[in-house]
Amino acid sequence: MNKALLEKAITEFLKKKKTNSAYYEDNWAERKERKTFYQSFTKEKLLAMTEDEFFEYISNLWSMLIWGNKKYVVDKLIADNGFINIKKQLAELLFSHADIEKRWDSFLKTVKGVGPATISELLTYVNPNEYVIFNKTTILCFGYLGISDMPKYNYQYTGKKYKEVCSIAKEIALELKNVGADDYDLLAVDYFLWDEILPITEKNPSGNTEPAAEKAVVSNKDSKSLHDEIKEKLVAIGELLGFDSRSEVKIATGAIVDAIWEAKIGNMGKAIYVFEVQSKGSIDSLILNLKKAQSNAAVQAVVAVADEEQLAKIIRESEGVIDSKTLRTWDSDDVLAVYDSLARAHESINKLALVPDSF
């Protein structure tokens, strides 16, 4: 960690906190209210929650701000995981005495539709002296402070990495404490990162001058995880754009594609956009699936999603097989970047509360 950058950021943070105390007091009061709310749930109370109480419990999280229709998201969590099961898994994550690495990995492996940002936020509220929020903001801020080897893809958000991140956050908390900050738990660290360092990263992406690391070799296991992550992000982008967006859809005889975006056009029919993801290995099945998808009259375009090297290969080998007029290509890293940008935009808009949740 670059201690000079950290000390400079802490000095600026405390200076702003002193000169604009009302702003900082309001923001910290909100965080204390969140801690109070989530710490009011014991293991027994969590397990006894009704679906309405579960909706309130999940929808109040910062990680849910990107979604306008939170009821749809929560209902899908229940449908995908089972209501009793998801409460049981949350109780184990939050209240078990097992090592956090084991609890973290077990939860992410068992529960569908709940990611690192959400579970780390819950852990932070329940035990802010031990756990910190672990999301894109954390990674951007750590990168600015010269902390390397942070995750790029979801499969890299492991329990082992989370323990490491919490340990670093405790170092930052100690630095805040040493200069006289009143509150120095790990929720306070998140506030410091969000309010002071994140704006700096947006102007100056890296305070660290070390050369970028070489692209890592992706194993077969990680390749599958990356494939699934990109597929999930494609579905989420479609949902954020207002499409009926689904994964693993039969689009034509013998063709189940990774994802589709579907839009109904009044009583006239529908327009469908098809996505196939390639992370590693042979591209033959991808080309075949996209070719079959083009036989569906509702399909307006087929999109191959892969890295730059594989996209070039797909374009070359699909020539004369797939109708080039409807074939599109999309770099997989760009998909992840678009999701992050859309999520930030929706989060900012939804903070305005222009449409009430009950709409």
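Helix H2 (residues 21-39) packs against helix H8 (residues 116-126) at an angle of about 90°, and their axes lie 8 Å apart. Helices here are DSSP runs of H or I with at least four residues, strands are E runs of at least two, and both are numbered from the N terminus. The axes are lines fitted to C-alpha atoms, for helices over the stretch in contact, with angles running from 0 to 180 degrees between N-to-C directions. That angle makes H2 roughly perpendicular to H8, a label that covers 65 to 115 degrees; under 35 counts as roughly parallel, over 145 as roughly antiparallel, and the rest as oblique. On the H2 side the contact uses Arg34, Lys35, Tyr38 and Gln39, and on the H8 side Glu121, Leu122, Tyr125 and Val126, where contact means heavy atoms within 4.5 Å.

A word on the model itself: it is predicted, local features need pLDDT of at least 70, side-chain atom pairs count only at pLDDT 80 or more, and totals for chains, interfaces and linings use all residues. Residues are numbered from 1 along each chain as its sequence is written, and side-chain values use heavy atoms, leaving out hydrogens and water.

Now follow helix H7 (residues 100-110), whose buried residues are Ile100, Arg103, Trp104 and Phe107. Buried means under 20% relative accessible area, exposed over 50%, and partly exposed in between (1.4 Å probe, protein chains only). Because these four cover an arc of only 100° around the axis, they sit on the same side of H7; the arc is taken from the directions from the helix axis to the C-beta atoms. They pack against helix H6 (83-95), H8 and helix H10 (159-178). Turned away from that buried side, H7 carries the exposed residues Lys102 and Lys109.

Next, the core. The largest nonpolar core has 88 residues, and Phe54, Tyr57, Ile172, Phe192, Leu234, Val305 and Trp330 touch the most other members. Such a core is a set of buried Ala, Val, Leu, Ile, Met, Phe, Trp, Tyr and Cys residues joined through side-chain atoms within 4.5 Å. Helix H11 (residues 186-203) contributes the most to this core, with nine residues.

Asp149 has a positive phi of about 60° although it is not a glycine; Asp149 is in the loop between helix H9 (136-144) and H10, and is exposed at 61% relative accessible area. Glu248, also not a glycine, has a positive phi near 50°. Glu248 belongs to strand E1 (residues 244-252) and is partly exposed, at 45% relative accessibility.
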